[in-house]
Amino acid sequence: LDAANELLKQANIKKLAACELLAYNNRMEFKLLKSSFMGMLGNYDQNDSTVIRAKSMLLSAVRSYRFAVELREEAYAQRSIASILANLHNAEERESMAIINIVQAMNMVDKVAPQVVAVR
């Protein structure tokens with residue numbers, strides 16, 4: 001029984017470590033996608049309805065990601081490992097939704113013709 005408890009403790013430590021690695025990966029991916037999207041927007045007519053909808057999706061993604069960050073903070077305030085892992089899983093889902101929203105917004109903007117500006 002002691003060996004099983006020790007294995008369970010080690011498994012939970014590995015799960016927490018995996019959650020942290022995934023959080024880092026999601027944070028970096030979100031930052032890169034957001035930065036790329038923001039840079040990309042400068043090439044498009046800001047009054048185009050598709051661009052406006054894409055910006056709205058970006059704001060939704062940012063809100064979703066912020067909520068995920070709050071969920072992570074709340075997770076570590078929990079007392080049991082099971083509760084921490086459950087809240088971290090919820091945060092991971094929110095982060096994934098945020099990343100998906102940015103990708104969809106980028107795909108939406110790709111369908112709009114870029115604004116061409118003559119340069120001397």
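Let's start with Tyr-65, which is buried at a relative accessible area of 10% (buried means under 20%, exposed over 50%, partly exposed in between, with a 1.4 Å probe and protein chains only). Before going on, keep in mind that this is a predicted model, where local features need pLDDT of at least 70, side-chain atom pairs count only at pLDDT 80 or more, and totals for chains, interfaces and linings use all residues. Residues are numbered from 1 along each chain as its sequence is written, and side-chain values use heavy atoms, with hydrogens and water left out.

So who sits with Tyr-65? The structure holds one aromatic pair, and Tyr-65 is part of it, with Phe-30 as the partner. Ring pairs like this are described by the distance of the centres and the angle of the planes. Here the centres of Phe-30 and Tyr-65 are 4.3 Å apart and the planes sit at 5°, so the pair is stacked (rings of Phe, Tyr and Trp, the last by its six-membered ring, pair if their centres lie within 6.5 Å; planes under 30 degrees apart are stacked, over 60 edge-to-face, the rest tilted). The two residues are 35 apart in the chain, Phe-30 in helix α1 and Tyr-65 in helix α2; helices are DSSP runs of H or I with at least four residues, numbered from the N terminus. Phe-30 is buried too, at 6%.

Now zoom out to the helices. The axes of α1 (residues 2-41) and α2 (residues 49-75) come within 12 Å and cross at roughly 160°, with axes fitted to C-alpha atoms over the stretch in contact and angles running from 0 to 180 degrees between N-to-C directions. That makes α1 and α2 roughly antiparallel, the label for angles over 145 degrees. On the α1 side, the residues that meet α2 include Cys-19, Ala-23, Asn-26 and Phe-30, while α2 brings Leu-58, Val-62 and Tyr-65, among others. The residues of this contact divide into twelve nonpolar, one polar and four charged.

Asn-26 deserves a stop of its own. This α1 residue is buried, with a relative accessible area of 6%. Leaving aside residues up to four places away in sequence, Asn-26 touches Tyr-65, Glu-92, Glu-95 and Ile-99, where contact means heavy atoms within 4.5 Å.

That brings us to helix α3 (residues 81-110), whose axis comes within 8 Å of the α2 axis, crossing at roughly 165°. α2 is therefore roughly antiparallel to α3.

Terms used:
Angles under 35 degrees count as roughly parallel, over 145 as roughly antiparallel, 65 to 115 as roughly perpendicular and the rest as oblique. Ala, Val, Leu, Ile, Met, Phe, Trp, Tyr, Cys and Pro count as nonpolar, Asp, Glu, Lys and Arg as charged, and the others, Gly among them, as polar.
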